[in-house]
Amino acid sequence: VVACLYKIMINNKILALKYRPQEFKDLIGQEVMAQTITNAIKLDKTPNAYLLTGIRGVGKTTTARLIAKSLNCLKNLNKEVDCSTNNFCDSCAEIINSNHIDILEMDAASKTGIDDIRELIENAKYSPTSAKYKIFIIDEVHMLSKQAFNGLLKTLEEPPPSLKFILATTEVRKIPV
């Protein structure tokens, strides 16, 4: 019975998740941004952090996941690995299923306090286990408290080489300068 329910849950995804773009080429209207990020990854010249902003539903979280997939895709480490829409590598498949150990997503709308950021910073001290980068995706980052922003500042400005931040917000004006 449990296996049957699991199969039904997998096959009956929410439409937004079922049709979520799985590659940069699937993003509509974001070709310049997608090409810029793809080129930076190919040249291994990626920034410490990305800030994605826009109105609700524009694809900030989807883009954050695509960046995480691109940064940690196994074909970047080994050219013989095949990773495509029809056959994702293990790393990309784990990110799609939201169970990659080195990709942490945090909803700052519900975890706004300094204690949540302290936990994140503590986790940042450890190197990635199965990927090139440990990536923190912080959604609705503008909702963090002032103390939480202050606590995050040092790690955000000077992260370890194997740590990347992807911040997403609808209210970029509310992020402290």
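Me: How many bridges join β1 to β4, and which way do the two run?
Reply: Five bridges join them, and the strands run parallel. Two strands count as paired if DSSP finds at least two bridges between them. This is a predicted model, where local features need pLDDT of at least 70, side-chain atom pairs count only at pLDDT 80 or more, and totals for chains, interfaces and linings use all residues. Residues are numbered from 1 along each chain as its sequence is written, and side-chain values use heavy atoms, with hydrogens and water left out.

Me: What counts as a helix or a strand here?
Reply: Both are DSSP runs numbered from the N terminus: helices are H or I with at least four residues, strands are E with at least two.

Me: Which residues of β4 do Ala-49 and Tyr-50 stand opposite?
Reply: Ala-49 stands opposite Phe-165, and Tyr-50 stands opposite Ile-166.

Me: What about β3 and β4, how many bridges there?
Reply: Six, again in the parallel sense. Ile-135 has Lys-164 in β4 as its bridge partner.

Me: In what order do the strands come in the sheet?
Reply: The order is β1-β4-β3-β2, four strands in an open sheet with parallel pairing. β1 (49-53) and β2 (103-107) are the edges; each has a single partner strand, so one side of each has no neighbour in the sheet. From one strand to the next the twist averages 15 degrees. Axes for such angles are lines fitted to C-alpha atoms, for helices over the stretch in contact, and angles run from 0 to 180 degrees between N-to-C directions.

Me: Is β4 buried or exposed?
Reply: Seven of its seven residues are buried, so β4 is largely enclosed by the rest of the structure. Buried means under 20% relative accessible area, exposed over 50%, and partly exposed in between (1.4 Å probe, protein chains only). Leu-163, Phe-165, Leu-167 and Thr-169 are on one side of β4, with Lys-164, Ile-166 and Ala-168 on the other. In a regular strand the side chains alternate between the two faces of the sheet.

Me: Which strands does α7 lie across?
Reply: α7 lies across β2, β3 and β4, and runs at about 165 degrees to β3.

Me: Switching to α8. Which residues are buried?
Reply: Ala-148, Phe-149, Leu-152 and Thr-155. Seen down the axis of α8, they fall within an arc of 125 degrees, so they line one face of the helix. The arc is that of the directions from the helix axis to the C-beta atoms.

Me: What covers them, and what is exposed on the other side?
Reply: The cover includes α7 (114-124), β3 (134-139) and β4 (163-169). Contact means heavy atoms within 4.5 Å. Lys-146, Gln-147 and Lys-154 are exposed on the other side of α8.

Me: Now Asn-72. Where is it?
Reply: Asn-72 lies in helix α4 (residues 60-72). α4 is mostly covered, with 13 of its 13 residues buried. Asn-72 has a relative accessible area of 2%.

Me: What polar atoms lie by Asn-72?
Reply: A polar atom of its side chain is 2.8 Å from the backbone nitrogen of Tyr-133. The backbone oxygen of Asn-72 is 3.1 Å from a polar atom of the side chain of Ser-91. A polar contact is a pair of N or O atoms within 3.5 Å; within protein, one must be able to donate a hydrogen and the other to accept it, and residues adjacent in sequence count only if both atoms are side-chain atoms.

Me: Where is Ser-91, and what does it touch?
Reply: Ser-91 is in helix α6 (residues 90-96). Not counting residues up to four places away in sequence, Ser-91 touches Asn-72, Leu-74 and His-100.
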